[in-house]
Amino acid sequence: MSKADPELIAEAERFADDIADLLERTVSEQPPIRALAVEGRVLVAPFAADGDQREDIPLTVQGERRLDLRLEFRCAWDFARKFLAIESSRFALKLPHLGEPLIRFDYLRSHTWAPAHVQMHAESSTLGYLHAFTGTVKPPKVQALHIPVGGRRLRPCLEDVIDFAIHDLAVDARAGASARIGEGRSRWKRLQVNAAIRDVIKHDPDTAPHELRATIEQAVADVADTTAAG
Amino acid sequence: MTTRVLEPGHDELKDRRARLLERAHMSREDLEAAAAAGTLSAEEFWLWEDIRSVEFLLGDDVEG
């Protein structure tokens, strides 16, 4: 068996540390986040210490465990071998013990239709009506719908899912959670913008750099004007 | 290697996949068909997800 590239291991460790820090500073205590690395592939998720058994992150509401957060990232080097690219990410909020999901936030990089989507587990009489009268829509289960969210670059990040759990599901948050979510989201946005710029240049190396430079120069000038006026 | 990063071998991962399939009481093909049809129970669904994660590490996955 060939071992994983040491640089990949270092990246995997940085990424796993960041996810653990996010969880620890928002909704969890000592989340068992680990990275499993095999050759060029990395799986980041909560695991028991030996890496064999998957675990969920328990979330509390008014001190009682009411939800579990299941999460995982499947990663590999990006095309330039400079960044750990996310091949897929899966976040789900589910009931403890029973395991029934409430909502899932999935990203599947290889999918052409809705690579980033939300699946809500619920019943809908409206969907049932459509199904009965058209026979063309999917079965009347809301979870069968892949609701597109933000595409590859602007998809929800883990910070968004945690924020959703805190704000809409009353999950207990640790002191300073909001600031940590804001920091993570800001870093995520920056990373995604950088990645989007690389995408644009990769697809149009002749004219895209000039257009992007002009856009950046304009944005710098606009911000300078706003700052001077303020 | 740190405690945060683990490097399981292929044999270890194949064993893990076999154990997960055993817990599902279904063949991989049946699990895949049931997943596509949306008829898996919650427990089977998460087992199926675990199996696909192992297959990702093994390089046997289809969609990443």
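This is a predicted model: local features need pLDDT of at least 70, side-chain atom pairs count only at pLDDT 80 or more; totals for chains, interfaces and linings use all residues.
Chain A brings 32 residues to the contact, and chain B brings 21 residues. On the chain A side, the elements that supply two or more residues are α1 (6-24), β1 (33-38), β2 (41-46), β4 (64-77), β5 (84-94) and β6 (101-108). Sorted by class, this side of chain A holds 15 nonpolar, 13 charged and 4 polar residues. The chains are also linked through strand pairing: β1(A) and strand β1 (residues 5-6) of chain B run parallel, with 2 bridges between them. Within this pairing, A:Ala35 has B:Val5 as its bridge partner.

The largest nonpolar core has 55 residues, and the members that touch the most others are A:Ala12, A:Ala35, A:Val42 and A:Val44. What does A:Val42 touch, leaving aside residues up to four places away in sequence? The list comprises A:Leu8, A:Ala12, A:Ala35, A:Leu36, A:Ala37, A:Cys75 and A:Leu84.

The buried residues of α1(B) are B:Leu13, B:Arg16, B:Arg17, B:Leu20 and B:Ala24. Because these buried residues fall within an arc of 100 degrees when seen down the helix axis, they line one face of α1(B). That buried set packs against α2 (28-37) and α3 (42-58) of chain B, while B:Asp11, B:Ala18 and B:Glu22 are exposed on the other side of the helix. After α1(B) comes B:His25, with a positive phi near 55 degrees.

Back in chain A, β5(A) and β6(A) form an antiparallel pair with 7 bridges, in which A:Leu93 is partnered by A:Ile103 of β6(A). The hairpin that these two strands make has 6 residues between the strands, and A:His97 there adopts a positive phi near 70 degrees. On to the next strand, β6(A) is joined by 5 bridges to β7 (residues 116-120) of chain A, again in an antiparallel arrangement. Here A:Tyr107 has A:Ala116 of β7(A) as its bridge partner.

Note on methods:
Residues are numbered from 1 along each chain as its sequence is written. Chains are lettered from A and ligands numbered from 1 in the order in which they are written. Two residues are in contact if their C-beta atoms, placed from the backbone, lie within 7 Å. Helices (H or I, at least four residues) and strands (E, at least two) are DSSP runs, numbered from the N terminus. Ala, Val, Leu, Ile, Met, Phe, Trp, Tyr, Cys and Pro count as nonpolar, Asp, Glu, Lys and Arg as charged, and the others, Gly among them, as polar. Two strands pair if DSSP finds at least two bridges between them. A nonpolar core is a set of buried Ala, Val, Leu, Ile, Met, Phe, Trp, Tyr and Cys residues joined through C-beta atoms within 7 Å. A residue is buried if 20 or more other C-beta atoms lie within 10 Å of its own, exposed if 12 or fewer, and partly exposed in between; C-beta atoms are placed from the backbone. The arc is that of the directions from the helix axis to the C-beta atoms.
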